[in-house]
Amino acid sequence: MSHQYYLSHLKELEAEAIFVIREVVAQFEKPALLFSGGKDSIVLAYLSRKAFAPARIPFPLVHIDTGHNFPETMEYRDWLVNELGVKLIVGSVQESIDKGRAKEETGYNASRNSLQTVTLLDTIEQHKFDAAMGGARRDEEKARAKERFFSHRDEFGQWDPKNQRPELWNLFNGRKHIGEHFRVFPISNWTEMDVWQYIHLENIPIPKLYYSHEREVIIRDGAILSTSPWLKLKPDEVPMKMTVRFRTCGDMPITGAVVSDADTVEKIIAEVAASRKTERGTRADDKRSETAMEDRKKSGYF
């Protein structure tokens, strides 16, 4: 009698991601994991732990700190680094500004989001990382849909979407010249729903931001933004209390919330299933132009 072995779609995605993570460690000398404190990079960190257990994760987490993060994100980051027993490297956008490497934006819609590129490239150069893994997924945004698992970056950290390497039969070509590096996206094929179902399946702790809570906010151009020391209010904007949660964890001045009473992972899954808006649809930085994300990626962004 033959026994058939079935993998659920989540276990298939998990196996694929772990394969890619192990491939990175096999092919590159100094890999790192780009960690934002958001759910995708959290799942990537837990997948990395699983990939090398019982040994420790053999690469550092790299956080590009804009200085405008949600306090909940920073609190969670420090807890997770301790929980996983992994090294944390922080690249500071404020330091880049102080050194004259980046210029602070001004005005009501000022953001440090695009300034992260300089800090990221400087951090990669300083630590000589030759592969930087990230939690980007193809379903998030049209520019990210163009990425392969292994995404080559030239000596200036730039990405050419028209010059990508084939990945037939999951064979990954990590060959590069000195000074070049790769960005690698192990959960490329996951959807937002897959991420939440995996968090539920594996019982992964996540920042409180993702759960419904009462917060002081303003509504600007249709986006619900949390008040913070970095959000400059217009004369007619009056903060109000609302019960909201966040679908992504970016900078406070640009990350929009959604009205929600989802205070458990099960309720979040039900909410995501019913939603007709992408998670990055709440991000002000993606609305700056039709090609905002692709323009940033070409110059070296995540």
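Which elements cover the buried residues of H3? The legends below take this up in a predicted model.

**View 1. Helix H3 and its cover.** H3 spans residues 71-84. The cover over its buried residues includes helix H2 (39-52), S2, S3 and strand S7 (213-220). Buried in H3 are Glu72, Thr73, Tyr76, Arg77, Leu80, Val81 and Leu84. Viewed down the helix axis, these buried residues fall within an arc of 160 degrees, so they line one face of H3. Pro71, Glu75 and Asn82 are exposed and sit on the face turned away from the buried side.

**View 2. Length and end of H3.** From first C-alpha to last, the 14 residues of H3 reach 20 Å, close to the 20 Å expected at 1.5 Å a residue. Just after the helix comes Gly85, with a positive phi of about 65 degrees.

**View 3. Strands S2 and S3.** Together with H3, these two strands make a right-handed β-α-β unit. S2 and S3 run parallel and are joined by 5 bridges. Gly91 in S3 has Ile64 opposite. Ile89 and Gly91 form the covered face of S3, while Leu88, Val90 and Ser92 form the uncovered one.

**View 4. Helix H5.** H5 (residues 116-127) has 12 residues and reaches 16 Å between its first and last C-alpha, close to the 16 Å expected at 1.5 Å a residue. Among its buried residues are Leu120, Leu121 and Ile124. Their cover includes helix H4 (93-98) and several strands, among them S1 (31-34), S2 (61-65), S3 (88-92) and S6 (181-184). Just after H5, Lys128 has a positive phi of about 60 degrees.

Conventions: Residues are numbered from 1 along each chain as its sequence is written. This is a predicted model: local features need pLDDT of at least 70, side-chain atom pairs count only at pLDDT 80 or more; totals for chains, interfaces and linings use all residues. Side-chain values use heavy atoms; hydrogens and water are left out. Helices (H or I, at least four residues) and strands (E, at least two) are DSSP runs, numbered from the N terminus. The expected span of a helix is 1.5 Å times one less than its number of residues. Buried means under 20% relative accessible area, exposed over 50%, partly exposed in between (1.4 Å probe, protein chains only). Contact means heavy atoms within 4.5 Å. Two strands pair if DSSP finds at least two bridges between them. A crossover is right-handed if, with the strands pointing away from the viewer, the path from the first strand over the helix to the second runs clockwise. The arc is that of the directions from the helix axis to the C-beta atoms.
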